[in-house]
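The structure is shown first, and the description follows.

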Amino acid sequence: MADLEVKLGPLTLKNPVLAAAGTFGFGEEYASFFPLEKLGALVVNGLTLKPRAGNPPPRIVETPAGMLNAIGLQNPGLKGFLEQELPRLQAGRVAIIVNIAGENEEEYITLAQELSAVPGILALEVNLSCPNVKQGGLQFGTDAANIGSLVARIRRVTDLPLIVKLSPNVTDIAELARAAENSGADILSLVNTLQGMVIDIAARRPFLGNITGGLSGPAIRPVAVRMVYEVYRAVRLPLIGMGGIMQVHDALQFMLAGAGAVAVGTANFVEPCTIPRLIDDLHAFLNTAGLSSLREIVGAAHH
Amino acid sequence: MLFKACVESVEELARHSYYLLLREPQLAAQSRPGQFLHIRIGESLVPFLRRPFSLAGACPQRGTLEVIFRLAGEGTAILSRVKKGAVLNCLGPLGRGFQFSASRLPAVLLAGGAGVAPLLFLARALVGKKRRVALFYGAASRDDLLPLKRLLPRETAVHLATDDGSSGYQGRVTDLFAGAVRQGMQPVELYACGPRPMLQVLTKKNEAWNFPLQLSLEERMACGLGACQGCAVSIRQGEKSTYRMVCSDGPVFAAQEVEW
Ligand SMILES: Cc1cc2nc3c(=O)[nH]c(=O)nc-3n(C[C@H](O)[C@H](O)[C@H](O)COP(=O)(O)OP(=O)(O)OC[C@H]3O[C@@H](n4cnc5c(N)ncnc54)[C@H](O)[C@@H]3O)c2cc1C
Ligand SMILES: Cc1cc2nc3c(=O)[nH]c(=O)nc-3n(C[C@H](O)[C@H](O)[C@H](O)COP(=O)(O)O)c2cc1C
Ligand code: FES
């Protein structure tokens, strides 16, 4: 019987399919569709130290084979998460990874420190690349020196597996990946959304309240696969690949390019049961291909 | 929540307006006025997201659901061409729907264009509760008006308005109703659905009338479940405002709490 368990550095997951940050809330909305303990892990809604109200509407707009979003990290803040969301997730035996974003370096450090003291969190994912918050991740996430110093500081305050999530809105993603690796990251995840814009021709102005938004969905998949491929060659760290995964053959592209695990985001909006079906289909794929583990295909496109 | 609903019929009811009859007994049994379906349009990547449509009716006895939609773009065009016997992938019933108060006040329903759909379901429910119901219904022109006779209980009083005066009052449905109030309408409960400018005007006018007023809102949606936080509307809470989700906290909101 094929086994879907994966090891990503210090992190062991029962299967390699994660729910991507910001697309699955804190799980509650999807719990009526399937048991959340099926998830390889749930990367919860991006968390900031203080509650954030988010951006003015409209916040989303459909695009060909994808969508733009400018949610603006609406979230209940650290305290709200610990009090209102975490207990329910722990009771449901959900594998939890917390995605954090700061308005400055200090906030990242405080979040990492406080979350490390909380039992039942599997790993931290540092969002360096949210394009929708003015003071937020993006400015950290596009400069290798910034990434290096921030990741090094977070590394000093946490023993949790440290995932660094990279922005695709850069000229050379491999350079950023190396900076994160050299500063103590355990795992890299990629990609976050690509910056984009839709213009309302009747109103003659940008459609989104925030003017720009992050593009996600199948429209970005080839860009994301290429970036996973490049980063796999540049670093030795395990990778979590994402960007437009809807079906098993999409996930396999990422794995062949070098991702040890994958995350599903926008597809959850189209089909709430995308993740459990993907897990079943990966099982079926291994059995049909006569493979005992996905390890045999991770990075195989490089050989 | 996730259902495969069978298409019983699709027909063009008025210019660019379609009536879709679906069968899915469990879904029909759970559906309430003001709730909506989030329908996947085919399996391909364009159109990509699901499309939200209010329920225009649900009959638990027959196991059927009604949707009435206007052509707006690619998704509704494809939906207008589905065939009897086709299966539609539907999330629903979503949202919280209209609140029914214990009051015996007559109900007045104000509809602009395709916004009439959820109010048809509501009218039937209110008539079923023995409430007096009047529908004020506005559209661009006579050809855009749905044939209400077959869609509404006989007891409903209907007042029509068209922008070009080709049928009923010439002008806006909100002005038609304002005229009725000026002529000494007794207190009523108001329910409205329609284009945003109509709902804004109505809310403004109602500051003077002060009738209880519920609005069914629209906003761009992705998940439809409250997870993506994409369909935000600003809601007043005392001195403060907060964002609420049209899909899961609405789509129906009390008019006085909505910040436009
Ligand atoms: C809660 C709710 C209930 C609705 N009920 C009805 C109904 O009963 N009858 C009816 O005719 N229409 C209704 N609408 C509007 C309907 O969802 C849109 O007309 C439809 O999504 C347009 O799809 P399209 O592909 O034809 O148009 P396009 O313009 O090509 O759609 C592009 C994108 O914009 C979105 N979009 C376009 N117009 C709207 C809109 N007004 N509101 C929200 N999203 C929009 C689409 O969903 C899609 O993601 C409702 C909307 C909401 C939010
Ligand atoms: C509505 C929405 C909200 C998101 N919020 C976050 C977030 O808070 N933090 C983060 O790191 N990524 C966030 N993302 C990015 C996703 O986690 C993912 O990296 C990206 O959408 C690409 O994957 P996909 O194409 O499968 O959606 C968000 C994406 C969407 C669509
Ligand atoms: S559409 Fe996702 S929260 Fe409303």
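## Cavities, a pocket and helix contacts

Strand 4 (41-47), strand 6 (66-69), strand 16 (261-264) and helix 8 (267-270) of chain A each contribute at least two residues to the lining of the largest cavity. The model is a predicted one. The volume of this largest cavity is about 530 Å³. It is lined by 35 residues, and those closest to its centre are A:Ala21, A:Thr23, A:Asn69, A:Asn192 and A:Thr193. By class, the lining of the largest cavity divides into 17 nonpolar, 17 polar and one charged residues.

Searching the whole structure gives two cavities of 30 Å³ or more. The second largest cavity holds about 30 Å³ of space. Strand 3 (17-19) and strand 15 (239-242) of chain A each supply at least two residues of its lining. The residues around the second largest cavity are A:Leu18, A:Ala19, A:Ala20, A:Ala21, A:Val43, A:Glu125, A:Lys165, A:Ile240, A:Met242 and A:Ala263. In this lining eight residues are nonpolar, none is polar and two are charged. A:Ala21 is named for the second largest cavity and also among the residues closest to the centre of the largest cavity.

The second largest pocket has residues of chain A and chain B in its lining, with A:Gln74, A:Pro76, B:Gln229, B:Tyr243 and B:Arg244 nearest its centre. Its volume is about 640 Å³. Of the 25 lining residues, six come from strand 15 (residues 240-245) of chain B, which is the largest share. The lining of the second largest pocket is made up of seven nonpolar, 11 polar and seven charged residues.

Two packed helices are described by the angle between their axes and the distance between the axes.

| Helix pair | Crossing angle | Axis distance |
|---|---|---|
| Helix 2 (residues 105-116) of chain A and helix 4 (residues 144-157) of chain A | roughly 25 degrees | within 9 Å |
| Helix 7 (residues 248-257) of chain A and helix 9 (residues 274-289) of chain A | about 70 degrees | 9 Å |
| Helix 1 (residues 77-91) of chain A and helix 2 of chain A | about 20 degrees | 11 Å |

The axes of helix 2 of chain A and helix 4 of chain A cross at roughly 25 degrees, so helix 2 of chain A is roughly parallel to helix 4 of chain A. Their crossing is right-handed. From helix 2 of chain A the contact takes A:Glu105, A:Glu106, A:Tyr108, A:Ile109, A:Ala112, A:Gln113 and A:Ser116, and from helix 4 of chain A it takes A:Ser149, A:Leu150, A:Arg153, A:Ile154 and A:Val157. Six of these contact residues are nonpolar, three polar and three charged.

Helix 1 of chain A and helix 2 of chain A pack at about 20 degrees and are therefore roughly parallel to each other. This crossing, too, is right-handed. A:Leu78, A:Phe81 and A:Leu82 of helix 1 of chain A make the contact with A:Leu111, A:Glu114 and A:Leu115 of helix 2 of chain A. The contact comprises five nonpolar, no polar and one charged residues.

For helix 7 of chain A and helix 9 of chain A the angle is about 70 degrees, and the two helices are therefore roughly perpendicular to each other. Helix 7 of chain A passes helix 9 of chain A with a right-handed crossing. A:Val248, A:Ala251, A:Leu252 and A:Met255 of helix 7 of chain A meet A:Leu278, A:Asp281, A:Leu282 and A:Phe285 of helix 9 of chain A. Seven residues of this contact are nonpolar, none is polar and one is charged.

Note on methods: Residues are numbered from 1 along each chain as its sequence is written. Chains are lettered from A and ligands numbered from 1 in the order in which they are written. This is a predicted model: local features need pLDDT of at least 70, side-chain atom pairs count only at pLDDT 80 or more; totals for chains, interfaces and linings use all residues. Side-chain values use heavy atoms; hydrogens and water are left out. Axes are lines fitted to C-alpha atoms, for helices over the stretch in contact, and angles run from 0 to 180 degrees between N-to-C directions. Helices (H or I, at least four residues) and strands (E, at least two) are DSSP runs, numbered from the N terminus. Angles under 35 degrees count as roughly parallel, over 145 as roughly antiparallel, 65 to 115 as roughly perpendicular and the rest as oblique. A crossing is left-handed if the near helix is turned anticlockwise from the far one by less than a right angle, and right-handed if clockwise. Contact means heavy atoms within 4.5 Å. Ala, Val, Leu, Ile, Met, Phe, Trp, Tyr, Cys and Pro count as nonpolar, Asp, Glu, Lys and Arg as charged, and the others, Gly among them, as polar. On a 1 Å grid over the protein atoms alone, a cavity is a set of points where a 1.4 Å probe fits but cannot get out, and a pocket is an open set with protein on both sides within 12 Å along at least five of seven lines; lining residues have an atom within 4 Å of a point. Grid points are joined across faces, edges and corners, and a volume is the space filled by probe spheres set on the points.
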